[in-house]
Amino acid sequence: AAALRDAATHPKWRARAAVAAWTGALSARFAFLLDRDATVAPLRALAADDHAEVRDAASASLAALVASAPDSALAAQCLADATALLAAAPSNATVGAVHALGAAVLAFPYDVPPHVPTALVVLAAHSNRHRTNGHLTLADHSTHKRVHAAVKDAVKATFAEFKRTHAETWDFIKHFFTPDQHDAFADILTTGDYLV
């Protein structure tokens, strides 16, 4: 666990991306031997990395952990963290929480577990909430724009993959969503493919 923590903070982003990908493969193969909490913490930190490649690799590894988990506690934790950050100022923690929640959605590609409808609503809320009020310094504005772009990209990618994996069965699974939930993310889900 200590080696994983150290490698997850390596100064080279390519090393961090390799650690994120390796952790996913290792955790899927040896899930019964690993301490899940010690594995998840570095991956969640990597999901908030400045480099998109690292975030994507961490998201894929988190999806493997969520899918292989015997209970839904990890998905519930991802949902709780992303929901709590809706009221917070945008930061790298927001980006990490959105990537982790996206991983919890994408962990079940052709299924709709109970957490997915709520998770999609929270992701849609994150996509639409990062608006500036015009009172930011130049450095804060730059950070805000970077975080907003990373959040929007993560949400778009999650919804595009969800749409791709559930398009054929949508008539069978749409009853898992309440009308309010469907309305909350309908604009993102029905966006034309040329915009996604």
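A residue is called buried under 20% relative accessible area, exposed over 50%, and partly exposed in between (1.4 Å probe, protein chains only). By this rule, buried residues make up 42% of the 196 residues in the protein. The model is predicted: local features need pLDDT of at least 70, side-chain atom pairs count only at pLDDT 80 or more, and totals for chains, interfaces and linings use all residues. Residues are numbered from 1 along each chain as its sequence is written, and side-chain values use heavy atoms, with hydrogens and water left out.

The protein has 10 helices and 0 strands. Both are DSSP runs numbered from the N terminus (helices H or I, at least four residues; strands E, at least two). Contact is defined as heavy atoms within 4.5 Å. Of the contacts between residues at least 6 apart in sequence, 69% join residues at least 24 apart. The protein exposes about 10400 Å², and carbon and sulfur atoms supply 59% of this area. Accessible areas come from the Shrake-Rupley method with a 1.4 Å probe; for residues, only the protein chains shown count as cover.

A nonpolar core is a set of buried Ala, Val, Leu, Ile, Met, Phe, Trp, Tyr and Cys residues joined through side-chain atoms within 4.5 Å. The largest one has 50 residues. Leu-46, Leu-101, Leu-120, Leu-123 and Phe-159 have the most contacts inside it. Helix H6 (residues 92-106) gives the largest share of this core, 8 residues. Leaving aside neighbours within four places in sequence, Leu-123 touches Val-98, Leu-101, Gly-102, Val-105, Val-155, Thr-158 and Phe-159.

Charged pairs were examined next. A salt bridge requires a side-chain nitrogen of Lys or Arg within 4 Å of a carboxyl oxygen of Asp or Glu. The count comes to 5. In one of them, the side chains of Asp-81 and Arg-44 meet at 2.4 Å, N to O. Asp-81 lies in helix H5 (residues 73-84) and Arg-44 in helix H3 (residues 36-46), so this pair ties together parts 37 residues apart in sequence. Asp-81 is partly exposed at 22% relative accessibility, whereas Arg-44 is buried at 19%.

Arg-146 pairs with Asp-50, the closest N and O atoms being 3.8 Å apart. Arg-146 lies in helix H8 (residues 138-166) and Asp-50 in the loop between H3 and helix H4 (52-68), so the pair ties together parts 96 residues apart in sequence. Arg-146 is partly exposed, at 37%.

Glu-161 forms a salt bridge with Arg-164, with closest N and O atoms 2.6 Å apart. The two are 3 residues apart in helix H8, about one helical turn. Glu-161 is partly exposed at 28%; Arg-164 is exposed at 52%.
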